[in-house]
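Hi,

Here is the structure I promised to pass on. Have a look, and then read my notes below it.

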Amino acid sequence: MSDGHSTVRYSVIPPYILRRIVEHGTEPQRTRAQQTLTHVRTLMAEPFPRQEVADVATPGEVQRTIYDAQHDTDLPGQVVRSEGQPATDDIAVTEAYDYLGVTYDFFWQAYRRNSLDGKGLVLAGTVHYDKNYQNAFWNGAQMVFGDGDGEIFNRFTIAIDVVGHELAHGVTESEAGLIYFQQAGALNESLSDVFGSLVKQFQRQQSAEQADWIIGEGLLAKGINGKGLRSMSAPGTAYDDPLLGKDPQPAHMKEYIQTRDDNGGVHLNSGIPNRAFYLAATALGGFAWERAGYAWYDTVCDKTLPQDADFATFAQFTVRHAGQRFDDATAQAVQAAWEQVGVL
């Protein structure tokens, strides 16, 4: 995971949400959002962190380490819980530990993948990062969680789909290396939403029909009008709030957003492939990770997928892999899903 594209830092709160808070929030809210925005920019310039390699990387056995930054920004912080140790009374430590474990179990049980890199990488997470930090991010080596401010965002360990989302960036990074710009970047974000949602569905043992398809469920504080950060089933409907504005995600290529912001709209246009996955998964029925998810996973692991793949290229790969791993009917369902969002 050390190729030229691996130094991207992926944060879960899109810059357009933070900018909206800067424009419409109270003075303290604006200050915190601006600090977070500035920090996201400086993250990109930091040296690439060293990854922790498991001493005993037994396939199928997760290795986790949870750290506490104690409201500072030095990473990783103090070790507060290692693999196999009992729970502390800190809810953020417990959630981080548990959800890193569920994510590991998901990739192992669904796809026989041994951690994010396929080689047993230790899953590290740091909680209580900075003061009222309005974000969570994957820095190429570990997860980092802010506590939120309790007014707009709750603690960032609260949402298992956010944990799954961020960790999935590590899988995409080590396999496909999709560049973080325009359509390839939106695919990168969408893949994290896909696997983040699948981790939550796996934990709850929900079928595609039963799932809520919301990313960031529970993250928005009481009083904010919204279900989460993004909706995969109906992009553009996750929130509509005086402070955050209306969810701007498009659901179809007709509404594709051309912008220089957000690395060419990576968090915006990801709504289009997100909806395609939702449509494929619900058309196929059952557990979404078993067929639609597998076609997407096979595509990420396909070394012939270009690092600058656009939506149409990626879509064609998923159709092909659906047919190769399963059958023509599965491939046709995937094809139809991409057609419904105007990609194919």
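What follows is what I found, in two parts.

First, the ground rules: this is a predicted model, where local features need pLDDT of at least 70, side-chain atom pairs count only at pLDDT 80 or more, and totals for chains, interfaces and linings use all residues. Residues are numbered from 1 along each chain as its sequence is written, and side-chain values use heavy atoms, with hydrogens and water left out.

**A covered strand**

Helices (H or I, at least four residues) and strands (E, at least two) are DSSP runs, numbered from the N terminus. In strand E2 (residues 64-68), five of five residues are buried, meaning under 20% relative accessible area with a 1.4 Å probe, protein chains only. Arg64, Ile66 and Asp68 point one way, while Thr65 and Tyr67 point the other. In a regular strand, side chains alternate between the two faces of the sheet.

E2 runs parallel to E4 (residues 123-127), joined by five bridges, and antiparallel to E3 (residues 78-82), with four bridges. (Strands pair if DSSP finds at least two bridges between them.) Threonine 65 has bridge partners in both: alanine 124 in E4 and serine 82 in E3.

**A helix pair**

Helices H9 (residues 311-325) and H10 (residues 328-340) pack at about 160 degrees, their axes 7 Å apart; axes are lines fitted to C-alpha atoms over the stretch in contact, and angles run from 0 to 180 degrees between N-to-C directions. That makes the two roughly antiparallel (over 145 degrees). Residues in contact (heavy atoms within 4.5 Å) include Phe314 and Val319 of H9 and Val334 and Trp338 of H10.

Cheers

Definitions and conventions
Buried means under 20% relative accessible area, exposed over 50%, partly exposed in between (1.4 Å probe, protein chains only). Angles under 35 degrees count as roughly parallel, over 145 as roughly antiparallel, 65 to 115 as roughly perpendicular and the rest as oblique.
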